[in-house]
Amino acid sequence: MSAAASARTILSRLHDVMASRIHAQGKLDQVVQIIGEELDSEVCSIYLLREGSLELFATRGLNQAAVHVTRLGIGEGLTGQIADHVETLNLAEAAAHPDFAHRPETGEDMYHSFAGVPIVRRQRAIGVLNVQHVDPRKYEDVEIEALQTVAMVIAELIDNAELVDGEDAGEGQGNLSESLKLEGLALVKGLASGTAVYHQPRITIEQTVAEDTEAERQRVYRAFDRMREQIDHMTSQAEFGVGGDGEEVLQTYKMFAYDEGWGRRINEAIDSGLTAEAAIERVQQRTRMRMREIDDPLLRDRMHDLEDLANRLLRIVSGQLGTAATKGLRGDTILIARNLGPAELLEYDKRRLKGVVLEEGSLTAHVVIVARAMGIPVLGQVGGLRSHLREGDHVLIDADRAAVTLRPSQTIIDTFETRFAKNRERQAAYAALRDVEPFSRDGTRVHVMMNAGLRDDMSALSLSGADGIGLFRTEFQFLVSATMPARDRQTRLYRDVLDAAGDKPVIFRTVDIGGDKAVPYLNSEYAIREENPAMGWRALRLAMERKGLLKAQARSLLEASAGRNLNVMFPMVSEPWEFDAAKQVFEDQIVFLKKQKKVLPDQIRYGAMLEVPALAEVLDILTPKLSFISIGTNDLTQFLFAADRANPKLAERYDWLSPAILRFLRRIVHSTVGSEVDVAVCGEMGGRRLEALALLGLGIRRLSITPAAVGPIKELVRKVDLAEIGEAMNGWLISPPKDMRATMLAWAEERGIETD
C-alpha cells in the first residue's frame, strides 16, 4: 500500500468526523479510534500544548482515567522531545530510548513500539500524535506519512477550537519597549542601522482536505510554472552575479526549482487528499525534519534553499504573494527572517536594505555569498528573535562583534554612531594606504597579501592594496555545486582570477573538501561519519585517493595559467611523500599537455600548507623541494592544543599569543633560514594587529589575511621597528611573562602602536 493510499483511506474516514457538529473533544476521541484501527495499533494518543505543558487529550488503548491528567513538560519523555525538536520518532523499543519517561497512570507498560509526529501549526508544535504497539516493530514509512497527514488535518481543528496555548504563551517575551542586546554569529561583517521589517508574514492554510484532487494538482502545476519564471528572470537580472560566484549560486538554486523529485512528493501528498497548500506544507515539514537529522552543515544549507523555494511556491498557490520586498522598503531597513534564500534577498532594494538578522543561517549558506557580494552585513543564529522584536523597532547590527541591539537607547545610538563614524574615518585612512608599500620603520618591506575564494573577492585586491592573493581557496566551487565541477568550469574560474590579479601573484590551494566540508556528490564510501572530521579524511588525503579529482584540477590550473606564473599549494601535508605524490600529479599533466601542444605556464612554483604539526619535524627534508610554505594558524592551533576551534568552550581558551604557539612558529622560521623558501602565515592570526605584531617579532615577513584586515596591518607595519620587536620577542620567549598578551599590549602602548 502506498503512502498516498494509506493517508487517503484515513482522510476519507476523518472527513465525516470533521464535518460533524460534535464538539472538538468528541472529534479527537473519534480520530484516535480511526487511526488505531487503520494502522492496526493498540494505542493512539493525542497530546496538546496547554498551559506550557503537553496534556494527554485523547487516547485509544491507554487508561482513560489518565486523559486530562497526565502531563509532560516540553522536552520531557519521548512525547516532549517530539514537541521540543518538532521531529518524528519511530522506535521498535521505546523503553530503550534515553529520553523515555514512564507514566504508570497511563498503563502503557505492556507496549514496546512507539511512533510519534508533531502536530504543527504556524511553524510551531501545538501537540503530538502517537501510536504504540505491543510487539517490538518499527512503523513503516507509509504509516509515518499517514500520521503526518492526519496531524496536519487535526492541527486545523485544534487551532480553530482554541484548545491549545496561544502563540505568545510560554515564549518568555520580555518588555518590548526596553533596549535589548542579543548575540549571534557574524555571517557578513559590518555595521548597520535601520528599522526592523519582517521578510514575510506567516501564511495560514485555511483548508487542508481537498474537495477536487485534480483541481489541486493543476493549481500546483500553475504555481510551479510561475515560480520557475520568477527564478529564470531573477537569474538573468542578478547584476552582481554575471559570470561570477553569484551566478553559480543561483544556478544551483534554479536546479532545485526544476527538481522533479520535489514536485513528485507534493503530488503524492495531493493524492492522499490534501489541498495544494497543505501538500506543500506537508513536504516542507518533512524537509525541516530532515534538516534536523542532517549533521553536515553544507547539506543543511542546500535544504534551506529548498525550503526557501517551498515558501515561494506556497505564497503563489495561496495567492498571498506579499513579502517585504514586493511591498517595497520605505527607509533604511534591517530585514528580519528565520532563514532567507539567495533569490529572495535579490528582490530587495539595495539602496534601503542596510542589514539582515536571521534566527538561523550559517557561514556556508548561499544567501551569505549573495549578501557578501551586495555588501550587506548579516548576523545569524540569533535565537528567539521574533519573541523579542516588533516590526518597526529600531535595530543596530554590529556584525563585527556578532551582536544586535533592539530598540537602542539614545546613549547606545550615540555610541554606535560615534563608532560608525570612527570606523569610516579609519577606513578612509586605510584606503589612503592602498597604493603605499608597507615598509617598517627600519626599512624592511613586509608583504601583506589577502585570502580569497570567490571571483567576487578579486575586486578587493585593488581596493585594499594587497600585494597579491596569498591563499585562493579553490574548494568553494566544489561546495556550492550540485555535481563535481567540470574541468572547463574550473579553468574558467582560475583564468578569471588570474586576469583580475594582473601582475600580482595568486597562490592557488588545491581543493580542501571532505571531513567537515563534505559534498553530496562524493560516493558514500568517502562520506563516512567521523568523530573528528577536521583531523579526518579530507584535503590532500581525499584528493590523492580521488586521483581524478586532483588530476582534473591540475590540468585546469595549468591551462588557465598558460603563459603566466602558476603558484600552487597543497593543503594538510603531513609528510614529504604526500607533497611528492601531489606534485607528481601536476608533473604528469604537464607531460600530457606538452604532447597536446598546449601552452604551459612560464613558471610553476610549488608550496605546502603547514597546518599539521608533524610536518615541522621534517622540514629539513621538505624545504629543498619547496618554493614557499604557508603556515595555516587556524588548524595548526587546534592540532597543537587538541582543541576544536568550533567548540565554544574551547574557542577562547587557547591564546594565539601563548608561548607554546609562538615558540613553535619561531622554530619553523628558524628551520628555513638559509633557504630560498618564502615563509608566510595565512589565517586569522595574521589579521589581528597584536598577533600580527608578534608574528613580525618572530621574523615573519609575509602575511595573507582577510581583505578587511589589509589596511590595518599595512598601517601597523609602518609603525613598527622590526629589530626592536624581534629583540623583545626573543627575550619574552626565553623567559615567558605570566601574561604574554598583557605584556605585549603594554609594550605597544608605550610606543603609540594601536592594537585594536
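Helices (H or I, at least four residues) and strands (E, at least two) are DSSP runs, numbered from the N terminus. The model on screen is predicted, and local features need pLDDT of at least 70, side-chain atom pairs count only at pLDDT 80 or more, while totals for chains, interfaces and linings use all residues. Residues are numbered from 1 along each chain as its sequence is written, and side-chain values use heavy atoms, with hydrogens and water left out.

**Whole chain**

Start with everything displayed. The protein has 27 helices and 22 strands. Of its 756 residues, 56% count as buried (under 20% relative accessible area; exposed is over 50%, partly exposed in between, with a 1.4 Å probe and protein chains only). Take contacts (heavy atoms within 4.5 Å) between residues at least 6 apart in sequence: 68% of them join residues at least 24 apart.

Select Val69, in the loop between strand S2 (53–60) and strand S3 (71–73). Val69 is exposed, at 54% relative accessibility.

Go to Asp40, in the loop between helix H2 (24–38) and strand S1 (43–50). The phi of Asp40 is near 55°, a positive value in a residue other than glycine. Asp40 is exposed, with a relative accessible area of 57%.

Lys597 also has a positive phi, about 60°, although it is not a glycine. Look for Lys597 in the loop between helix H19 (576–595) and strand S19 (603–610). Its relative accessibility is 72%, so Lys597 counts as exposed.

**Nonpolar cores**

Next, select Phe472, Phe508, Phe570, Leu610, Leu665 and Met744. These have the most contacts inside the largest nonpolar core, which has 89 residues (a nonpolar core is a set of buried Ala, Val, Leu, Ile, Met, Phe, Trp, Tyr and Cys residues joined through side-chain atoms within 4.5 Å). H24 supplies the largest share of this core, 7 residues. Another core, of 59 residues, lies apart from it; Leu11, Leu28, Ala151 and Ile154 are among its members.

Return to Phe570 and show its surroundings. Leaving out residues up to four places away in sequence, Phe570 touches Thr510, Leu540, Phe579, Ala582, Lys583, Phe586, Tyr606, Gly607, Ala608 and Met609.

**Helix H24 and its partners**

Select H24 (residues 689–698) and H25 (residues 707–717), which pack at an angle of about 50° with their axes 10 Å apart. Axes are lines fitted to C-alpha atoms, for helices over the stretch in contact, and angles run from 0 to 180 degrees between N-to-C directions. H24 and H25 are therefore oblique to each other (under 35 degrees counts as roughly parallel, over 145 as roughly antiparallel, 65 to 115 as roughly perpendicular and the rest as oblique). On the H24 side, show Arg689, Ala692, Leu693 and Leu696; on the H25 side, Pro712, Ile713, Glu715, Leu716 and Val717 make the contact.

Leu693, Ala694, Leu696, Gly697 and Leu698 of H24 meet Leu722, Ile725, Gly726, Met729 and Leu733 of H26.
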